[in-house]
Amino acid sequence: GADAAVVAKDVPSVPVKLTVKARADCRLSVSADGKLLFEDFMLKGAKEAWQAKDQFVIDVSDGSAIHVTLDNKKLGALRKGPLRQIAIDRKGLVNR
């Protein structure tokens, strides 16, 4: 029926929130939905948060220097060394 078609339409999605805490000094860039939101050094202890509709892409000088939280789900530190184009969507890390 017509009602089913209305329900099947895309419901406006709730933004997904990414929080990054620096465990050590590092350089970080964060894009959300294709727009660059942050590109700077993060000093140990600093904390930043951003929102996206679909996904984040991050570059970091050392993945083990940051601790990542998606909404309220802790993803933890990434692997050691420079990481490029790490995609994170609402389900979590797309690639690590």
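**Entry 1: K35**

I looked up K35 and found that K35 lies in strand 3, which covers residues 35–42. The model I am reading is a predicted one. Is K35 buried or exposed? I noted a relative accessible area of 56% for K35; exposed requires over 50%, so K35 is exposed. I then looked up the spacing between K35 and V57. The two residues are 22 apart in sequence, and their C-alpha atoms are 9.4 Å apart in space.

**Entry 2: the chain as a whole**

I next recorded the secondary structure, which comes to 1 helix and 9 strands. The protein has 96 residues, and 38% of them count as buried.

**Entry 3: the nonpolar core**

Which residues have the most contacts inside the largest nonpolar core? I listed L18, L28, F56, I58, I66 and I88, in a core of 24 residues. I then looked up where the core residues come from. At least two are supplied by each of strand 1 (16–22), strand 2 (26–32), strand 3, strand 4 (47–52), strand 5 (55–60), strand 6 (66–70) and strand 8 (83–89).

I took I58 as a case to follow. Leaving aside residues up to four places away in sequence, I58 touches L18, L28, I66 and I88, among others. The contacts of I58 also include S29, V30, L78, L83, R84, Q85 and I86.

I looked up an open sheet of 4 strands and wrote down its order as 4-1-6-7, with antiparallel pairing. Which strands are the edge strands? They are strand 4 and strand 7 (73–77), each of which pairs on one side only. I noted that neighbouring strands of this sheet are turned by 20° against each other on average, with direction ignored.

**Entry 4: strand 1 against strand 4**

Over how many bridges do strand 1 and strand 4 pair? I recorded 6 bridges, in the antiparallel sense. For a specific position, I looked up V16, and found that V16 stands opposite A52 in strand 4.

Notes:
Residues are numbered from 1 along each chain as its sequence is written. This is a predicted model: local features need pLDDT of at least 70, side-chain atom pairs count only at pLDDT 80 or more; totals for chains, interfaces and linings use all residues. Side-chain values use heavy atoms; hydrogens and water are left out. Buried means under 20% relative accessible area, exposed over 50%, partly exposed in between (1.4 Å probe, protein chains only). A nonpolar core is a set of buried Ala, Val, Leu, Ile, Met, Phe, Trp, Tyr and Cys residues joined through side-chain atoms within 4.5 Å. Contact means heavy atoms within 4.5 Å. Two strands pair if DSSP finds at least two bridges between them. Axes are lines fitted to C-alpha atoms, for helices over the stretch in contact, and angles run from 0 to 180 degrees between N-to-C directions.
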